[in-house]
Every structure is written in C-alpha cells, then in structure tokens.
Amino acid sequence: MSHPLTRVLTLLELLQSNARLTGPELADRLDTDVRTVRRYTAHLRELGIPVEAERGRYGGYRLARGYRMPPLVLTNDEALAVVLGLLAAERLGMGTAAPASAGALAKIERVLPHALRGPLAAMRETLSFTAGAVIGQAPGTGVLLALAQASRARTTIGISHRSWRQEHTERDIDPYGVVFHTGRWYVVGHDHLRDSLRTFRIDRIASVTPRADGFTAPDGFDPVAHLTSALAQGPYRWQVEVTIHGPLDEVARRLPRSAATLTALPTGVLMRARAERLDGMAHMLASLEWPFTIHHPDELRQALKDLAARLTAAAQRKPEEPPQ
C-alpha cells in the first residue's frame, strides 16, 4: 500500500466502516504514522468529504454525522459476488416482504460499467442450480432487523404474533437468535407468556416493540440445533423409531437434522422421527447403506414391502413391457 492515493482511499473506506478511529489506529492500519494520517484527512476535506477530528487523549477521526458517500465503484470480483449473492438469496427464499432483491439487482446493473453489464447479465441468465427454488415465507424488513438487533443487544421485546390458527396474541420474548431454514425465517427465544422456550415464524410477527429489560441467554445455547430439533418433533401423523446399524457421524451426515433426532447406541444409532406419510420414510431408509431395525410403527414395515415390490417389478420389466 505504498502509493499515497491508495492510502487516502483506504482511509476513506476505514472511516465509512467505523464510527470512530483514533490516529494511532488509522496509522497502524495504513502502515504509516499519525502525522501522515493528518495529511491524508486534509486531502479528503479538500475533496469535500467532511472528516471530523476530535482532540484529546480519546480523540479520533470520523465522517460527519448524516454524511453518506455516493455508491463506490465495484471491482469485477465484487460485482460478481454481489450478483451471485442476490441470485442465491432469491433461489433460497431469503427475500423480505418487499421485492428488495430484484430492486437491488436492477440498481446494481444500472450503475455498472458497460464492460461488466454483459458478462454479469449472461451469468444471471445462464446460471442453473441443482436444488429447486424455494417459495419463501417473507418477513417484514423492519421486523426482521428489529429482531436481529434485539438478539445481539440481548434486549427483551414485545411482539404482535399471529398463530397458524389465526389467533392473535401480544407477548414479550427474549430473542436468543434468528434462523433461516428452508425458505422460512424463525426467531428462537424465551416466551414470557408461556414461560418456556419457543420458536416463532417471523412472517407471522406483525410488529416488534423494544422493552427496557435485558436478558442473558443460556450458556452454549444453539438456536439452529433447537430449531431443527423442534421441527423434527412437529405434529405429524406417524411417530417413527428405527435403529440404524451404522456409525453416528456418518448417519448424521445423511439425515438432515430437521428430519430426525439421533442417539448413539451400542448397536448403532436410534433414529426418532415423525412423518406425515410412511412411503417417504420408506424411501429415506432404503437410500441408506446400512441395515436397520424398525421398532415402530408396524405400518412402516408394509410401506417398505410395497416399495420393495415396486422396485422388484421395475427390475424385472422388459423394455417392451409398459409399466403397470
């Protein structure tokens, strides 16, 4: 970073990214001295950029409050990263209530140099995904950001919530974390109304109101692990218990945490899951390379026999025979 202009631009980037930095901190990041930092800030002021200096032991430099720089020019790599991120977010269903991704992508394409527009448009039009698009349940932008801020600040909030039964309640929660899972946003935390750990879909939260109280999250609490375990125990028709005679770590890699809970046994892994349809559970078990033992329900045995019969018939079918 030897060229002075490069250091001046880097100084501007540092001031945009940080509320305040001291002279020694800036000198260290720019690999120079405090006197030179003062000279670089003078250059920025000459360009019309309002850099404020605070004197004293705890003084430092910052951009004037309310000042916003115009959009910076993106490099090829940065532009590609942004476009790919927006396309992936759309595919994963990570959008918010407003069509923010499409609007952001359109604005970025308008300000890009002509040399970049063509290649990035080609990427957007030709990019394919191995996974199908997810129809996301989009939350409100303000609600999502308020939950994230309260979770980071460990601040209790009030929410206006609508259940899947269309029942409206007002309740206070301590948000431990925000999780995105298969097209839906969730907040996990302590619900004061029920005095228990609960999970709420964020698209069903109409508003968030900050409270004055703070909270402390349980040590080592993992919002992702709690959410996936709770979803695996959802209100499905069938309760399934099967011992899979294989190593726990390899079985866990094959089964999504949202589909089952796994417990190590001397003879293998005990899988507990719930399912609405047993034919899907039969397909999942048949896809594993390890033998397994069904504990219940007995109806799962018949579902596996039906699957085996269909596979046997398919294996024996001649090319000229139509499927039955």
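**Sheet, helix packing and nonpolar cores**

Strand E3 (residues 155-162) runs antiparallel to E7, and six bridges join the two. Strands count as paired if DSSP finds at least two bridges between them. Helices (H or I, at least four residues) and strands (E, at least two) are DSSP runs, numbered from the N terminus. Within this pair, histidine 161 stands opposite isoleucine 205 in E7.

The model is predicted: local features need pLDDT of at least 70, side-chain atom pairs count only at pLDDT 80 or more, and totals for chains, interfaces and linings use all residues. Residues are numbered from 1 along each chain as its sequence is written, and side-chain values use heavy atoms, with hydrogens and water left out.

E3 and E7 belong to an open sheet of five strands. The order is E6-E5-E4-E3-E7, with antiparallel pairing. Strand E6 (196-201) and strand E7 (205-214) are the edge strands, each pairing on one side only. On average, neighbouring strands of this sheet are turned by 45° against each other, direction ignored. Helix H7 (residues 141-153) lies across E3, strand E4 (168-181), strand E5 (184-191) and E7. H7 runs at about 80° to E4. Axes are lines fitted to C-alpha atoms, for helices over the stretch in contact, and angles run from 0 to 180 degrees between N-to-C directions.

Helix H2 (residues 23-30) packs against helix H3 (residues 34-46) at an angle of about 90°. Their axes are 8 Å apart. H2 and H3 are therefore roughly perpendicular to each other (65 to 115 degrees). In H2, Gly23, Pro24, Leu26, Ala27 and Leu30 meet Val34, Val37 and Tyr40 in H3. Contact means heavy atoms within 4.5 Å.

A further strand pair is formed by E9 (residues 261-265) and E10 (residues 268-275), antiparallel over five bridges. The two strands form a hairpin with two residues between them. Threonine 261 stands opposite arginine 272 in E10.

The largest nonpolar core has 23 residues. Such a core is a set of buried Ala, Val, Leu, Ile, Met, Phe, Trp, Tyr and Cys residues joined through side-chain atoms within 4.5 Å; buried means under 20% relative accessible area (1.4 Å probe, protein chains only). Val240, Val242, Ile244, Met271, Met281 and Leu300 touch the most other members. Strand E8 (238-244), E10, helix H10 (278-286) and helix H11 (299-316) each give two or more residues. H10 gives the most, with five. A second, separate core of 16 residues includes Ala27, Leu30, Val37 and Leu44.

How values were computed: Parallel < 35°, antiparallel > 145°, perpendicular 65-115°, else oblique. Buried < 20%, exposed > 50% of the residue type's maximum accessible area, 1.4 Å probe, protein only.
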